[in-house]
2 protein chains.
Amino acid sequence: MALAQIPCREGDKEANLQEIEQAIEEAHTQGADILVLPEIILTGFVHREALRMLAETRDGESMARIRRKLADFPLYLVYSFPELGSDGEVYNTTCFLQKDGTPLAYYRKTHLFAGEKKITKPGEELICLEVEGVKFGILVCFDLEFPEAARALAMQGMHVLLVPSANMSPYEYPHRIFTVARALENHIFVAYCNRIGAHKSFVYRGQSILVDPSGKILLECADNKRDIQTVQIQLENIRDSRDMYNYLEERRPELYR
Amino acid sequence: MALAQIPCREGDKEANLQEIEQAIEEAHTQGADILVLPEIILTGFVHREALRMLAETRDGESMARIRRKLADFPLYLVYSFPELGSDGEVYNTTCFLQKDGTPLAYYRKTHLFAGEKKITKPGEELICLEVEGVKFGILVCFDLEFPEAARALAMQGMHVLLVPSANMSPYEYPHRIFTVARALENHIFVAYCNRIGAHKSFVYRGQSILVDPSGKILLECADNKRDIQTVQIQLENIRDSRDMYNYLEERRPELYR
């Protein structure tokens with residue numbers, strides 16, 4: 001698996017698509033089967049009207065361009081963009097693409113942070129998809145802070161949680177804690193990919209990590225610097241972590257009222 | 001608030017009661033209003049038959065002795081012992097005592113770890129009690145590893161989570177992560193008091209901590225050494241931590257299925 005914390009220029013699709021294409025090439029060269037990009041990497045968080053203008057439908061031009069890139073450098077891609085829904089609303093959407101670019105699933109961010117509520121509409125569904133026998137869940141940035149969301153996906157059998165993020169300073173510490181906690185408490189891998197750079201008063205510091213079910217950090221990207229890294233994960237670790245106890249089975253839902 | 005990670009001799013009530021009495025004196029001298037002791041500090045985890053022999057009812061001799069001590073050195077006490085229930089079963093029980101020793105609430109550990117299931121019976125209720133306008137929840141050791149348990153208490157208005165523990169090596173790291181995660185994700189204080197010493201193949205390393213709603217560690221006890229420390233907590237921090245977002249209000253329970 002690869003994480004690519006690449007720069008994102010607010011509102012500049014062409015620059016961002018070039019960065020995405022470059023990331024696909026590099027991750028492919030590193031031997032990655034699956035690549036996770038940061039949250040809403042196509043455009044960044046611009047203001048409401050601009051975001052509506054830049055948002056694309058699921059078969060928009062940017063998607064077509066990314067699909068063409070994957071045809072040459074095939075890998076599963078976790079790609080996040082502002083989606084113009086068929087209902088005319090804008091969603092913070094993450095797409096899981098097949099190696100050849102065919103979309104397998106779309107997840108619309110369900111927990112919106114503060115100002116995001118003004119510019120996008122929340123999704124209404126959590127997604128767990130199975131690919132080559134591995135079950136993936138997707139949660140985006142603020143979603144990760146709710147233990148219920150990751151737990152609900154784990155109860156559906158999730159092995160790997162994919163987390164595109166645009167987490168800004170000074171919230172590096174809570175996100176590190178939450179990434180490790182979700183991995184531990186659900187016996188899963190968590191791939192957390194955060195953006196870098198600055199916009200208005202926000203600074204995004206990267207520090208993307210990939211954590212195994214024992215809470216061990218397998219891969220850690222640089223602090224606020226472009227960085228693409230790949231690591232192999234061992235799915236047996238999930239079974240190993242359930243050896244002594246299994247949180248999913250030892251829950252007592254009748255008490256949680 | 002004070003945490004006392006004091007030694008525990010397996011099966012030796014007299015030695016342990018002396019340690020508890022000493023801890024009450026010291027915490028009182030430090031100016032603590034409330035003192036948290038480690039899990040099942042009266043006896044430790046002895047084998048099944050021994051634990052049954054040593055277990056006491058709620059108004060047993062050890063409780064009477066602790067109440068007498070509190071009469072001289074008043075403080076709220078969180079005290080954990082093997083309880084012989086009126087049903088003849090043994091429970092891993094934590095009692096919250098009024099400053100004069102009057103019991104205000106009993107919590108029977110609801111999530112039992114591995115071998116504990118052979119020696120004690122699980123409780124059937126989570127407890128949130130209000131004292132002087134502050135709402136306290138109690139979770140014991142393994143309980144903390146289930147996000148649902150702390151969340152359920154937070155939904156009842158909990159401000160401070162009290163966690164007596166007997167967590168053994170090499171699980172220091174998960175417990176540290178969980179302690180901080182529960183504080184952050186519920187906007188609460190978490191007072192985690194772990195035992196020290198060794199028994200059979202187990203080593204307990206202490207490292208008790210008190211964490212505020214921003215995840216900051218306000219107090220940290222030594223690694224595997226007797227240590228009693230007191231710190232003042234500011235309940236306004238709970239309100240501050242809900243300034244930008246409020247996890248309890250922004251949950252989307254309709255999606256967690």
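I began with the comparison of copies, in which superposition is by least squares on the C-alpha atoms of residues with pLDDT of at least 70 in both. The model is predicted, so I noted that local features need pLDDT of at least 70, that side-chain atom pairs count only at pLDDT 80 or more, and that totals for chains, interfaces and linings use all residues. Residues are numbered from 1 along each chain as its sequence is written, chains are lettered from A and ligands numbered from 1 in the order in which they are written, and side-chain values use heavy atoms, with hydrogens and water left out.

Entry: the two chains.
I found that chain A is superposed on chain B by a rotation of 180° with 0.0 Å of shift along its axis, at an RMSD of 0.0 Å. The two copies are thus related as by a two-fold rotation axis. I then looked up the interface, where contact means heavy atoms within 4.5 Å. Of the interface residues of chain A, 100% are also interface residues in chain B, so the copies meet through the same surface.

Entry: a helix pair in chain A.
Helices (H or I, at least four residues) and strands (E, at least two) are DSSP runs, numbered from the N terminus. I looked up helix H1 (residues 13–29) and helix H3 (residues 61–72) of chain A, which pack at an angle of about 20° with their axes 10 Å apart. The axes are lines fitted to C-alpha atoms, for helices over the stretch in contact, and angles run from 0 to 180 degrees between N-to-C directions. That makes H1(A) roughly parallel to H3(A) (angles under 35 degrees count as such). On the H1(A) side the contact includes A:Leu17, A:Ile20 and A:Ile24, and on the H3(A) side it includes A:Arg65 and A:Lys69.

Entry: aromatic pairs.
I counted rings of Phe, Tyr and Trp (its six-membered ring) as paired if their centres lie within 6.5 Å, with planes over 60 degrees apart called edge-to-face. The structure holds 26 such pairs over all chains. One of them, A:Phe178 with B:Tyr247, is edge-to-face, at 6.4 Å centre to centre and 85° between the planes. This pair crosses between chains, from helix H6 (residues 172–186) of chain A to helix H8 (residues 247–250) of chain B.

Entry: backbone.
I noted a cis peptide bond between A:Ser169 and A:Pro170, with omega about 5°. A:Pro170 is in the loop between strand S8 (160–165) and H6 of chain A. A:Lys200 is not a glycine, yet has a positive phi of about 50°.

How values were computed:
Parallel < 35°, antiparallel > 145°, perpendicular 65-115°, else oblique. Phe/Tyr/Trp six-rings, centres within 6.5 Å; stacked < 30°, edge-to-face > 60°.
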